[in-house]
Amino acid sequence: MKKIAGIFAVLIAVAAVTTLIEPNFLSSNNIRNIARWTGMYGIMTIGMTFVIITGGIDLSVGAIVGLTGTLLPMFLTQSHPPLPVGAAIIILLAISALIGLVHGLLITRLRLQPFVVTLCGLFAYRGLARYISGDATQGFGNGYQGLRYLASGSILSIPAPFILLIIIAILAAIFLNRSIYGLYLRALGNNEQAARYSGINTGRMIIAAYMISAVLAGWAGMLFALDLNSVQPSSMGSFFELYAIAGAVLGGCSLRGGSGSIIGVIIGTAIVRVLYNSINILGIATQLEYTVIGIVLLLGVMADEVIKRFSAARLRVREGLSGRKKTV
Amino acid sequence: MEPSVAKLQNNAQPIMEVSGISKRFPGVVALDKVKLKLYPTEILAVIGENGAGKSTLMKILGGIISPDNGSILLNGREAVLVSSAAATRAGIALIHQELNLAENLTVAENVFLGREFRRGGLPGLIDQGRIYRETGKILHRLAAPFSENTLVGQLSIGQRQLVEIARALAINSRILILDEPTSSLSRPETVRLFAVLRELRAAGVSIIYVSHRLGEVEEIADRVLVLRDGCNSGELQAGEINRKQMVKLMVGRDVQQFYHHRNHTTDKVVLEVEGLVTRQGRQKINFKVRAGEIVGLAGLVGSGRTRLARTLFGIDKPNAGAIRIAGKRVTINCPREAVAAGMALVPEDRKLQGLILEMTVEENIVLAAIRQYQIFKLIHRRRKRAAARQMIDRLRIRTPGPDQQTQYLSGGNQQKVVLSKWLCLKPMVLILDEPTRGVDVLAKEEIYRLMEEMTREGIAVLMISSEMQEVLAVADRVLVMHEGGIAGELAGNQLTEESIMSLATGSRA
């Protein structure tokens, strides 16, 4: 809880500084815009969180965004006869799930390293998206306005993707904190051997994590496509896996596995989005975007480490004072 | 054995003289005023039960740990072995139980690792030619069946041991310490190693040979030093070295009954193991454990006890055999299936295998049994908390509360958390691997009492223990393992420290 308060303070601080320099930051349009993007990136980052909790990493997220983002408009506008909307979405979610399943099987059964497996995926799905589309820009034209409402519309002036994020976040938080599977996932992320020795099917839980990551990335990819309406297969979603990792780490996930909270990850994602937005409206050269995000991420991780050490030292002192009573 | 050597000792000055060495670890005295003399050109065997202090003493001589008190004289001069580098400079080479070699480097690169010959000119350049030439010479001397160009990863354990010895020779070590060198060697490899050791002795090297294989000690040692409970227990000169004498010095202590155990054994067989062959053993293992019975699994380190436990629990695959639980044949391929079949394992390494240290006491307690506290896969938090509280009270786990992280508990309380994890599930068979290792005396007794409580409820208990007193005090029946098989079964009056020891060292025909 303390951790979440800490990163929330960072979010408020970045927003406050930006507002002081450029009050337009707080305009309802700008806030809505940030919320919309936080929604889409957040959905993807929640998927990554599951994988990071297992102690793994999913580098293929951006490529999956590219693949589903390219294929959704193609399915809807270029197939004859055009696929029904529901069928297109279900097929793409199924493809994503299959990708996650393959990642999970390679990692658990063949014991390949997650970094390597998903790195191969990063290359493979990007190439596939480019080949299938012939590298041509994809879009929905003027059609599918109703469907595009999912990404660009608002309900009660809250952007639809943000509402979707909240729904997915609630489900993810329940899964992680209240279900037996969440307990298993955190247990194996901290100590896979002990979890296995406790009778937990760790392989199945790891596979599930990669499937959740891939499906949420696939879904986010479709939302990005619906929002942009102009998808470049060669660049759609590139680097997004790194945004997702950055959001998760800022949100308090340890890459060693075992810990992570959904609310933290959403705030982490929001910080990255607010930074991006601040750079734009403050007139900082957009070329510096990555540099700023990199520095903020580094500062965040450093602060976290320092605080952790400080509180551990304090705990030791306390234990030392009352140690005789506690340890028998 | 060889009179010339024995005679030499009488008038020679010891090359190493250790006196008054003591070492305390939290909660235990590992060594208490130990003395040891090593003469030039002899093979001194150091023997003792598990935990007698052999390895600690060798680590001190190898400069890996420092003693609390005592002195070490080398050639009559005081030596301070503050690090393994210092020991190496003093001419002492310690060859560990676990070999420390880089598998992806060649034999020659390993032999000279960290002390490569430099070439003039650019800094950091290694004189490859010289390293390979020198290694070749040493390997020739050792009659090694491999070349200096071989990758260490391709060598057998016995061959790797030769590489370690070559490493020691490359720096002209005068004292070679081998800690359980034959524990993973085949008989022909052992014979070859002994030939090498005799050769080195002839060339003027003094050797300390740590082992619990008494037959091999008889074969190779010129003199034997026996440790017991961290103290010198006695010494045997050439001519007195035989199994009976060694076993007598290794055990012979008053066994004090510190815990009175009641037997709750019933007639009902719960665990039945038939013809089980573990991955490392060749012998078939057969035994039964009845409801309410505590069967002790005794044996020396490396005798295959942990392997047997791991095989029963589905962590390692057996080569053959059948397991029956409550009369029903079960196939177990992974821990999950073992748990489903009614088994539970308190593993050897509590922190690595038993607990999730970063998680809370409550989460650890309910981890295995969480399905009992769920509704539609969602955790019923009140029932979970109630179960944790019940276990904390019943086992008297000393923790500020259920939400304390397990890593801040003491060893004994951590072990109780592991036990309660399984008690929530009410298993039929409980396997305990060194349940009181690193646990203080008070918690030990509590754990014993708990085991008795479980047997009263009809749980069949299989307990691995290296502590003689524990086995004698707690077990209703003892199986003694030796080299991957069961060497014998002891109960009632036959159950003595001596009888366990002689079975464990393979003495009894």
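Two strands count as paired if DSSP finds at least two bridges between them, and the strands themselves, like the helices, are DSSP runs (E, at least two residues; H or I, at least four for helices) numbered from the N terminus. This is a predicted model, with local features needing pLDDT of at least 70, side-chain atom pairs counting only at pLDDT 80 or more, and totals for chains, interfaces and linings using all residues. Residues are numbered from 1 along each chain as its sequence is written, while chains are lettered from A and ligands numbered from 1 in the order in which they are written.

On those terms, strand S14 (residues 320–325) of chain B pairs with S15(B) in the antiparallel sense, over three bridges. Across from Arg324(B) sits Arg329(B), in S15(B). The pair belongs to an open, antiparallel sheet of four strands in chain B, ordered S12-S11-S14-S15. Strands S12 (285–290) and S15 (328–330) of chain B each have a single partner strand, so one side of each goes without a neighbour in the sheet.

As for confidence, chain B averages a pLDDT (the predictor's per-residue confidence, from 0 to 100) of 87, and 94% of its residues score at least 70. The model comes in at ipTM 0.86 and pTM 0.78.
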